[in-house]
Amino acid sequence: MAGQSQKYHEQYDFNEEINEPIIDRMRRIKINSVVPGMVLGKTIYGYNYEVLLNKGVALTSAYINLLKNRGYVRIYIDDDETADIVLHDPISDKIRIMSVRDIFKTYKVTQSAITNIKAENTESIIKCINTPKIKKSFHESQAFEHLCNGIHYFIDEIMKQDVMSGLNSSKSVDNYTYEHSVDTAVISIIIGKKLLLNREKLVQIAIGEFLHDIGKIFIDEKIINKPGKLTAEEFNAIKYHPTYGYELLKDIHSIGTVVAHIPYQHHERQDGRGYPRGLRGTNKLDDKGVAFTDREKLIMFAEIAALSDVYDACSSDRPYRPGLPPDMVYELIKNGAGTQFNKELVDCFLSVVPKYPVGCEIRIKNGNYMNFTGVVSSLNTRQMAKPKVKLLADNMKNKISPVEIDFSSEGIGIEMECIW
Ligand SMILES: [Fe+2]
Ligand SMILES: [Fe+2]
């Protein structure tokens, strides 16, 4: 293992910058509210994960415009007011970058093998995926082997925490799919840990999540990246990505069949109204984790993936629409329990994912502090919807000396919302 670890690390030449700790002190604000002179709270990386802007840099209008052009909607800012707010990232930048690169390379290796292959309809695409050329390009690629080896470092980091305290990553136009794959895996592993799943199962979940959308490489890029609403025909084409992902992953013996069923079933629903097969769920936790007992029924790993996928996709900013605020996404998942998502799994999810993440800006909706604004300062891990907040401005937007409210005690009856 030590030798393998060294080999893995040698392939990535990380500078000290990336080796920074998981703890940061900052808040995340809209790029439109950023003004020159504000200090960047988190390093921003380019397409190849080269450093674009270093954490700690004072932002200029040129930098702010660069970030806007790259499609960033929100960034992390470091300031005196939030100096005591500790934000734990679920994974370090180092592991995030390793993971994103592994996913990126695994996608690219197969993507380059499919050029020049003509596939006009679904059947011919499935045939094409099952040709030795495509299968070999994927199964025997160093990128995929590397991804499987690296998964242990990813899991090790997440296993150090019990809940998600931080926000999801800042995604740009270029890296959306890969960052989304990492973020869904982070949420799923935290849920898996809460469910006391063993290591082998966590590895299966992480690999399945890293590659849950890989079937999209067989769909026209113009449809995948279309900024506006999809036509019925385009949406129909997208609906095949779980099937394509399954076809690509189904016979890799080293990782097991169950991994392939994560991409295959991640858009299915409890009530049978999902796609591609309209499978159903039982709304109960399956303590074995995976049970192919009934061909019509969903497996729990895919039910976890369905939850994480919707949570991250709805929370993430896209160039054509901002992400939904975390408190709204939290409610959306809660309301989907029983119909869209496995009910017992949602209960587990709500105990590890915060309604108001640390570092998020909030507004008070009622009472003496109505319309005062502030930031979530820490979580109460036993009541994830009731954090501590620090009010920083009054209802006229004037700065005030910070007022702390603990929503699990004195905050009873006070309502708040995330400012997004
Ligand atoms: Fe998907
Ligand atoms: Fe997805």
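This is a predicted model: local features need pLDDT of at least 70, side-chain atom pairs count only at pLDDT 80 or more; totals for chains, interfaces and linings use all residues.
Residues are numbered from 1 along each chain as its sequence is written, and ligands are numbered from 1 in the order in which they are written. Local features need pLDDT of at least 70, side-chain atom pairs count only at pLDDT 80 or more, and side-chain values use heavy atoms, without hydrogens and water.

Start with pLDDT, the predictor's confidence in each residue, from 0 to 100. Its mean over the protein is 86. Residues at 70 or more make up 88%. Over residues 1-22 the pLDDT is below 50.

Now find the iron ion (ligand 2). H180 (NE2), H212 (NE2), D213 (OD) and D309 (OD) coordinate the iron ion (ligand 2) at 2.1 to 2.3 Å. Donors are N, O and S atoms within 2.8 Å of the metal (3.2 Å for Na, K and Ca); water is not among the atoms, so sites may look incomplete. D213 also bridges to the iron ion (ligand 1), with the two ions 3.6 Å apart. Both H212 and D213 are buried, meaning under 20% relative accessible area (1.4 Å probe, protein chains only).

Next, the rings. The whole structure holds ten aromatic pairs. Rings of Phe, Tyr and Trp (its six-membered ring) pair if their centres lie within 6.5 Å; planes under 30 degrees apart count as stacked, over 60 as edge-to-face and the rest as tilted. F154 and F210 have ring centres 4.9 Å apart and planes at 70°, so this pair is edge-to-face. F154 and F210 are both buried. Y311 and F349 also form an edge-to-face pair, with centres 5.3 Å apart and planes at 70°. F349 is buried, at 0% relative accessibility.

How values were computed:
Contact means heavy atoms within 4.5 Å. Buried means under 20% relative accessible area, exposed over 50%, partly exposed in between (1.4 Å probe, protein chains only).
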